[in-house]
Amino acid sequence: MIRHSFRKTAVMIIRQLLLVILLAILAGCGTKDTASANDSDDYPVEENQRDNKTTYPYVVHTESSTWYLAADDIALLGEEAYYAGLKEILQDVEPDFADAREALAGCLPEEIPPVDIYTDFCGKAGISEIAGAYYNPRSNFIKLFSGWDMAKEALLHEYVHYLTMHCAETQAVEGFWAEGIAEYVSKLVCKNRMLRSVNMGFSDEEAQFYKEHGAWDNEEDCIDPKLFYYGTAQIIAQGQLVGTDYFSVSDVTITRTPQIQQNPRPDKMSHIEAACIMAYLIETYSEDLVLSSLDSKTEEMETIFRKPFNEIYTDWTEWNTGKFEELGLIN
């Protein structure tokens, strides 16, 4: 064993420390420290180089999305909790987004650019008071409010807005068409892993109720969004929403009146009704016809489907009753 003098040993230690420091500096260029950022192995957190870097100092790139991480949100949740939540949602983002693109393949171009996603858990945007997330069709980005659990509930719906209002050959207009197709794809067609991971945001007591009424995926031990939607749509069609406030496809909260129930209009539909009506229209009239009509006015529905909307609604209620029974749901 070779012994070093104290002086030689000290020099070697200093050199090793300098090397470690140099490597740390090089590793940190353009990337946030992986330990503090709680990086996913697949999607490292990087420093934002754009003009908005003061508000969003860090960014994450996935195949389908670019995430802008707000400094105020990191401070609000705490760094550890913020990045733990980010890591969880990123595990499901790519397969969920891929499912949505596959569901809409007939109306989308071959190449879909990544969508920009911003966190705003501090609720700086005014719309955060009424929405868990939203897609801005004018500026073309998604913004997430209220925290990671709400993001898991809402994100796939907003991504479908991006696909159908920005990327699609026939772009959906706001209201019944945009909300109906977003709900249909995200809740009835796609598995929606993000939504399932938080059990649709329901409490344990609420989840138990839906389990007892047949809206349960026994294999994954969670509420099945598709079963929940068809079951709830059945209750709404029977008039049990009358007298209740609900958020309509027109993005306003309204009271379900007997007049709305007896003479339904597309702009007064709940999101759950719109999703299931969209499923009915696609099954009855063809997906091609529905997807090619997403840019039409709701007043033109009678021309497209040869029936006024109130007749379509009546036919849908009968069809939905059949779905309800077919899926083994319980009143």
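**Pockets, packed helices and loop residues**

Me: From which element does the largest share of the lining of the second largest pocket come?

Reply: In this predicted model, α8 and α9 each supply at least two residues of the lining of the second largest pocket, and 14 residues line that pocket in total. Five residues make up the largest share of this lining, and the element that they come from is α9.

Me: How many residues of the lining of the second largest pocket are nonpolar?

Reply: Nearest the centre of this pocket, which has a volume of about 200 Å³, lie F209, Y210, G231, T232 and I235. When the lining is divided by class, there are five polar residues and no charged ones, and the number of nonpolar residues is nine.

Me: Which residues lie closest to the centre of the largest pocket?

Reply: The largest pocket holds about 1100 Å³ of space, and its lining is made up of 37 residues. By class, this lining divides into 21 nonpolar, eight polar and eight charged residues. The members of the lining that come closest to the centre are H157, E158, E183, F247 and H271.

Me: Which element gives the most to the lining of the largest pocket?

Reply: Several elements each supply at least two residues of this lining, among them the strands β5 (133-136) and β9, and the helices α6 (176-189), α9 (225-237) and α11 (271-285). The element that gives the most contributes seven residues, and that element is α5.

Me: How many residues in the contact of α4 with α5 are nonpolar?

Reply: On the side of α4, the residues that meet α5 include Y82, L86, I89, V93 and F97, while α5 brings residues including W148, L155, L156 and Y159. Sorted by class, this contact has one polar and four charged residues, and the count of nonpolar residues is 14.

Me: Is A172 buried or exposed?

Reply: A172 sits in the loop between α5 and α6, where A172 touches T164, M165, A178 and L294, not counting residues up to four places away in sequence. Because a residue under 20% relative accessible area counts as buried, and A172 has 7%, A172 is buried.

Me: Is M200 buried or exposed?

Reply: M200 lies in the loop between α7 (193-197) and α8 (204-212), and its phi is near 60°, a positive value in a residue other than glycine. Since its relative accessibility is 9%, M200 counts as buried.

Me: What is the relative accessible area of D251?

Reply: D251 is found in the loop between β9 (245-247) and β10 (253-255), and D251 has a positive phi of about 65° although it is not a glycine. D251 is partly exposed, because its relative accessible area is 39%.

Definitions and conventions: Residues numbered from 1 in each chain as written. Predicted model: local features only at pLDDT ≥ 70, side-chain atom pairs only at ≥ 80, totals over all residues. Heavy atoms only, no water. Contact = heavy atoms within 4.5 Å. Helix = DSSP H or I, 4+ residues; strand = E, 2+ residues; numbered from the N terminus. Nonpolar A, V, L, I, M, F, W, Y, C, P; charged D, E, K, R; others polar. Buried < 20%, exposed > 50% of the residue type's maximum accessible area, 1.4 Å probe, protein only. 1 Å grid on protein atoms, 1.4 Å probe; cavity = no way out; pocket = protein on both sides within 12 Å on 5 of 7 lines; lining within 4 Å. Points joined across faces, edges and corners; volume = space filled by probe spheres on them.
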